[in-house]
Every structure is written in structure tokens, then in C-alpha cells.
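Please look over the model below.

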Amino acid sequence: MKKRLARYAYRILIALITVFILFLLLNYLFPVKEHKTYSTIILDNRGEVIHAFLTPDDKWRMKTELNEISPVLKQTLLYKEDKYFYYHPGINPFAIARAAVMNVLRMKRTSGASTITMQVARMLQPKRRTYFNKLMEIFRALQLEWKLSKDEILQLYFNLVPYGSNIEGVKSVSILYFGKNPDHLSLAEVTALSIIPNRPSSLRLGLNNNLIIEERNKWLKRFEEDHLFDAKEIADALDEPLNVTRSEAPKLAPHLSLKLRKQLGFDIIRTHLRMQPQLKAEKLVKDYVQSITTHGIHNAAVIVIDNKTHEVITYIGSADFYDATDGGQVNGADAVRQPGSTLKPLVYGLCFDHGILTPKTVVTDVPVNFGGFQPENFDSKFNGYVTVEFALENSLNIPAVKALNALGTETMVAKMIDAKFKQINLDKSKLGLSLVLGGCGVTLEEMTALYASFANNGVYQTPKYFNTEAFNRKKGALTPQLPNHLTQPDTLQLLSSSATFMLTEILSRLARPDLPVNWEASMHTPRIAWKTGTSYGKRDAWSIGYNRNYTIGVWVGNFSGAGSPELNGANIATPLLFKLFNTIDYNSPNEWYNMPKECGIRTVCSETGKLPSDFCKRTVMDYFIPLVSPSQPCDNMKEVAVSANEKISYCKNCTPANGYKKKWYKIVPPEMQSYFDERRITYETVPPHNAECDKVFTEGAPVIRFPVNGTEYLIDKDHPEPLQLSCDVTSDVKNVYWYINNRFLKQTDARSKEFFMPNEGTVKISCTDDKGRNSDVWVKVKFVKM
């Protein structure tokens, strides 16, 4: 007897092993595909759905996460559908036997035996109900149990369960009918949703609510009989009404939602958007743009970054996404535009860090020519001597170009590439000095991130548009993983803390031309530092500001590229910036930036910004970076030997034994002499040098400003225009002599502008002053049909 039992046991074991091996083989040859395409949903910082997209097959199939499956939801489902779900291997033999007996006895299908796992298998691969397909369903259920955990199978069920029409999954029906996530559903709502999948055609939410309540209450009473929930919960659920209709899927923050869906393509994308300030800002932008449409201005874009977390909390790509009159669906925050003057703080900050300038350094704002590039200020005026801080406050173009020329375009371009300016990286070989005036392509995203680095002591960090931590946490096989370049934001020291402090002090002053006229209307606006910009042709108006809490970037203009005479950063973009700060950071404590310990304060000459010399009469206080900032003493005065009547000056070679005196004169560079002379501003000059001196002067030769050496000039054959002749000379020069190809042209006043018509080909232009000093330039001239 024992031997017989042993043989039976052995045969059963062999059979089981054979079946198991056969299962493994079939599982390898015909693997189960548990993946379904889900609707991409965008979440705000609280995890609420703010935007949802249909799947490619036009289904609302929003993915339910494991933490959204509440105990009530799980308990209700298991009680109703599969009480032994956590105990069987995917099929329930007892349920199958019971269903078979009942169906045979009654000669029709009266009882089902499908487990939750089998239902998932059927929903993954829907097929006609046949005995063969039922066997396939059982095999697929075993495969699912072999591959996934019980909770993952349960999650798949909640993701795929049909609710009629094109709605699948608990989350989809919760969002579209109840306006909330599944874990916020009440017992009555959960029970109602648990019965609909069995009769999706007759129990339709919004159409058959009374019938659904009837069926729901039957099940609630069963729950009470079996003590599944306490009596009070059941009583409350029985009394709860069901007044729901289908609503539209959320469509908030459309520009960022579309951008992230395209960039990431995941089922669930968590952003850092805070919907209260987002919605307030959207309304503010829409209303503001409506108020300026009479000026031919139709759009705006806004980005708000939390400076403490680097999270993008507000993102607006246009004034109205659904307004097609000026391309409302264009994402203005991600569009490449010309930045105007908004890059000037960066070039000055880099000059501070490279020991080229300090805020009180005096520079000249006069006409200048850089190889044919002749920048002008916004108002076409010149200011003569100005400090760096005045130049930045008033957004003067010429000092900014001079600063970039001293720094080197390559240095600034390299920094911008480090700060992820994509178009700058593409155009790096083409960029020149016009870069600082907006001669390049940037986006509002990039510019707002740049200014956020000013708000964070010069530390640049890639803005956080979505929550990368959620992608990095492993929650099972159904959670995607992000590549490293998206999860690890770049961090770098773009500027020193001292340089950014100096910039902030300058940009936060109110005595500026770009202060809105009616700024007093927002007296609770927090203290901010800001900079405006207007692109060439008045096509783009910018205003970007920051304080301890937030950085806000504003762009205003037309997506069509059309300019407007009224469009400029000061009068159009800055009022919106102030309104946004007044809304998002209203009446906040005015905590401001303290001077970093690496920064110092020193006394400098007010006329040059250099360390005072003995002859300096007026001094001011200036910020500087020890061991970095320039430390040359002031040299704008020189002592000159002159005759007693101050009519003649002497050099050391011709100074007489007596009959002379020494006098201090301010050194006025040639470009400032021209500036003063053109405006008839008097200034003291060194008297003409002793005419009897035999010394040959090798310094101070004329500087030919125009034509520019090495330049090719194209002249219209039909309407030829002459070339201008102009130069800078020292103060003791009265007349200059012009030569073309070594042939005398004319004698002119040293500071006058003359014109001549050149011949085609290479032209040599020479200028000799009345002291015999000479300069030459060579240009090419070509006559063309224009």
C-alpha cells in the first residue's frame, strides 16, 4: 500500500514538474504584455490633475498609482470581486468548480469564476467569450501572477476597468465625474464605481444616477451585514446623494503641459506649479494684454521661479491659449526672441569678476566705432563721462559695448553656453559685440533662469519644471525612470556673490528711467531688482525682476513678429512685472541682500572711479572685490610746464631755465574732446607745444575713426554715396591734412567731418596733423548694382 501511494505521489510530482516546465516554456515563447498606453496627465505641486491628454486610441485611461488605491477602494473591490485574491495563484479552482456545477444544473451561465487576475488578463487582450479563450485567459492570469506582484495586478485592474463610453480606469472616472483623485472618494462613491463595470451600458453615470443609487445601496447593506464597515459609515453612505455629470478633462497650464508631454512622454508628470498663483497670473496677463491691444500688442509670456527651491511655480506661454488671432497656442516662454538690453547685467557682472570695472568706474558714453559697428543709445543721445552704475541704471548701449569689448565676446558666450542658452551655443561662431545689445537669440525660460542666478548669489541652477524625485523613486515595474541629464540639474557659479551683490544694488534703485510712471499705485509691491529690454524694431519688450523669494520674467510682444511704436520694456513690460510681484509676493517682508564678506568698500576718485591720487579733490565710496578689482591710482591729471602767460607748453627737452611755471591739467581723451567740441562745452586744454622744440613727436597721432581699417565698402553704381572722413586728435591739434592714395586731398579743421568719392579697388587713406604725426588705413571699395 505504501509503495502504491509512493508511486502515485511520484507520478503526481513528475506531472507537476512537467506542467511547470511546460508553463515556463510557453511563458517564454508567448510572453504576456501587461503594458497599456495611458493618458498623459500633468499634476501640480499638490498632486492634483491639471491637464490630461487622450491616448492615441482616443481613450481616457489615466494611470492610478498604488498610493491612490485607498483601503476603502481595495476592500470594496476584493469583497465584491475576489475575496481570495491574495491567496490564489491567479485562478480559484473552487470558484471554477462551483461555477461549473451551477451552470450545468441550470443549463445556462449563471455564475462566473473569473478572479481579478483573470479579469485583468481579459482587459489586456479582449476576446470573444469561448472555452478556448477562457483557457487562454487562465494561462495569461498565471503569467501575470508569475511576473507581477499582487498589488501591481490590482493596480492594473484599477487602471483598465471600463466605465462606458471612452472612459477606462478608476482615476479617469474619478477625475471626469467627481473632480478628484481616487484616494479622495467616499465609501458611497467607491461602491457606486465598483458596480458599474458589471453593467456599463445600463449603469451610466450622469444618465442613470437613480438606478446606480439603488444598486449601490444593495451592496452597502451587504457590507453592513458582513460587518465590512462600521454602521455609521454605512448609514452616511446610504444617505449620500449622487448628483454627478461628466465634465471636461482638466486643461490648465496648457503650454507647459504640452511641452513636458513632448519632452518626457510619461504617463504621469509631476510639475511644481502652484495653481493659485498660476491662475491669478493667467488672469492678470490676459486682462493686461487686452488693455494694450489698442497699441497693436497682442501677447505676453510669464515665468515665475521660486528662488529657494529653483522650482518653476508659474508658467504662461501666451495671453490666451485658445485665442488664435495672434497664435495663442505658440509657447512664448520657449520661443527664441531678441533680448534687447537684458543681457547688460551679465556683461557688467563678468567685468566686475574679471577686475575690469567696479560700479563707480567712469567710462565715456560718446560715439565709437568698432570695426564698422557704431552702437547708439536708445534715445540717440550721448552722455559723456558716466559711471558704470549710471550706465546700467539708464541702460546705455555704448558703455555696455565697451565693457564687452574689454571682457571679450568669447568669455561672455562661454558663460551663456554654461547657463544652457541653446541658440547662443548654435550661433557662437557668429556672435559679436552686438550680443550685449540683443543681437542674439534667447528664450524667456533661459533669461528667467539667468536672473534667478543673480537672486542666488551668482549660483546658476537649471530650473525645475517637473519633479524628478518622483521618477527616481522605484515603485515597481510600472514606474518609468528618467535619464540622468533630466534628473540632475546643472549647478555652477556663474558670477561671484560680490558681483551679483553689486548688480542687485544697482538694479534695485528707483531713480531710473525704466520705472513705470504709475508705480506708486502698487505701494505694497515688494522690493525688487529688475532690468528691462527692448529689441530692435520694437518687436520684443522684456522686464525681468527678482528678490529673495521669486524671479519673474515677462515678455510682451506679437508672435507674428510685428513691432509697435509703443512697445518697450519700461512702459509695457515693467508694469506687468510689478503687477505680478504685487500679486504673487504681496506685502511680503522686505528681506534684502546683505553685502557678502568677500566684497569690500573703498574710497575712489569721483572723476575716474580709481584709487585717489594726491591731486584728487572729490572722492566717493565704491564696492570692490579685494585682489580682483582694478587698483590703479587715478591718472586723469598731469603736471605740465607752461609759460608764465600759459600760452605755451614745454616738454622736458625744451623747458627753459626760467620764466615758466608748472600747472596741473585734466587729461581729456580725444573722443571726449570731440564730444565737448561738438556741443560747444568749454574745457581746459594743455597750451600748444613750444614751436621751437626740435623733438619729433611719435605719440598722439590722429586716430582715423572713419572709414574703418580693413573694411570693404559697397557703393551703389546708380546712386553713389561718398565716404565720410573723421578722426580723433589730441587737444593741441588745430588742423589735419587728408591724403588719398598718397595724393593730397584737403586741409580741414581737426574735428570736422569731410566726405570724398573713392575709386574702386584698394584705397589708402592718410591723416596728418599739424604736428607732423600721421596715421594710415586701407579699405576696399566696390561699386555694385543695388
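This is a predicted model: local features need pLDDT of at least 70, side-chain atom pairs count only at pLDDT 80 or more; totals for chains, interfaces and linings use all residues.

**Helix α13 and its partner**

Helix α13 covers residues 344-353, and helix α15 covers residues 397-407. Their axes lie 9 Å apart. The packing angle is about 45 degrees. Angles from 65 to 115 degrees count as roughly perpendicular and those under 35 as roughly parallel, so α13 and α15 are oblique to each other. The crossing of α13 past α15 is left-handed.

Which residues make the contact? From α13 come K344, V347, Y348, L350 and C351. From α15 come N397, P399, A400, A403, L404 and L407. By type, the residues of this contact divide into nine nonpolar, one polar and one charged.

Is α13 mostly covered or mostly open? Mostly covered: nine of its 10 residues are buried. The buried residues are K344, P345, L346, V347, Y348, G349, L350, C351 and F352. They pack against α15, and also against α14 (388-393), α16 (409-418), α18 (444-455) and α21 (497-507). Strand β12 (529-534) is another of their packing partners.

**Salt bridges**

Side chains of opposite charge can pair when their charged atoms come close. The model has 36 salt bridges. Three of them are tabulated here.

| Pair | N to O distance | Relative accessibility |
|---|---|---|
| E168 and K59 | 3.9 Å | E168 15%, K59 24% |
| K80 and E81 | 3.0 Å | K80 15%, E81 18% |
| K610 and D635 | 3.1 Å | K610 30%, D635 45% |

Take the salt bridge between E168 and K59. E168 lies in strand β4 (residues 167-168), while K59 sits in the loop between β2 (49-52) and β3 (60-61), so the pair ties together parts that are 109 residues apart in sequence. E168 counts as buried. K59 counts as partly exposed. The pair also belongs to a network: D57, K59, R61 and E168 are linked by salt bridges.

K80 and E81 form another salt bridge. Are these two residues buried or exposed? K80 is buried, because its relative accessible area is 15% and the cut-off is under 20%. E81 is buried too, at 18%.

K610 counts as partly exposed, and so does D635.

**T314 in strand β7**

Where does T314 lie? It lies in strand β7, residues 311-316. T314 counts as buried, with 0% relative accessibility. How far is T314 from K127? The two are 187 residues apart in sequence and 46 Å apart in space, C-alpha to C-alpha.

Technical notes. Residues are numbered from 1 along each chain as its sequence is written. Side-chain values use heavy atoms; hydrogens and water are left out. A salt bridge is a side-chain nitrogen of Lys or Arg within 4 Å of a carboxyl oxygen of Asp or Glu. Helices (H or I, at least four residues) and strands (E, at least two) are DSSP runs, numbered from the N terminus. Buried means under 20% relative accessible area, exposed over 50%, partly exposed in between (1.4 Å probe, protein chains only). Axes are lines fitted to C-alpha atoms, for helices over the stretch in contact, and angles run from 0 to 180 degrees between N-to-C directions. Angles under 35 degrees count as roughly parallel, over 145 as roughly antiparallel, 65 to 115 as roughly perpendicular and the rest as oblique. A crossing is left-handed if the near helix is turned anticlockwise from the far one by less than a right angle, and right-handed if clockwise. Contact means heavy atoms within 4.5 Å. Ala, Val, Leu, Ile, Met, Phe, Trp, Tyr, Cys and Pro count as nonpolar, Asp, Glu, Lys and Arg as charged, and the others, Gly among them, as polar.
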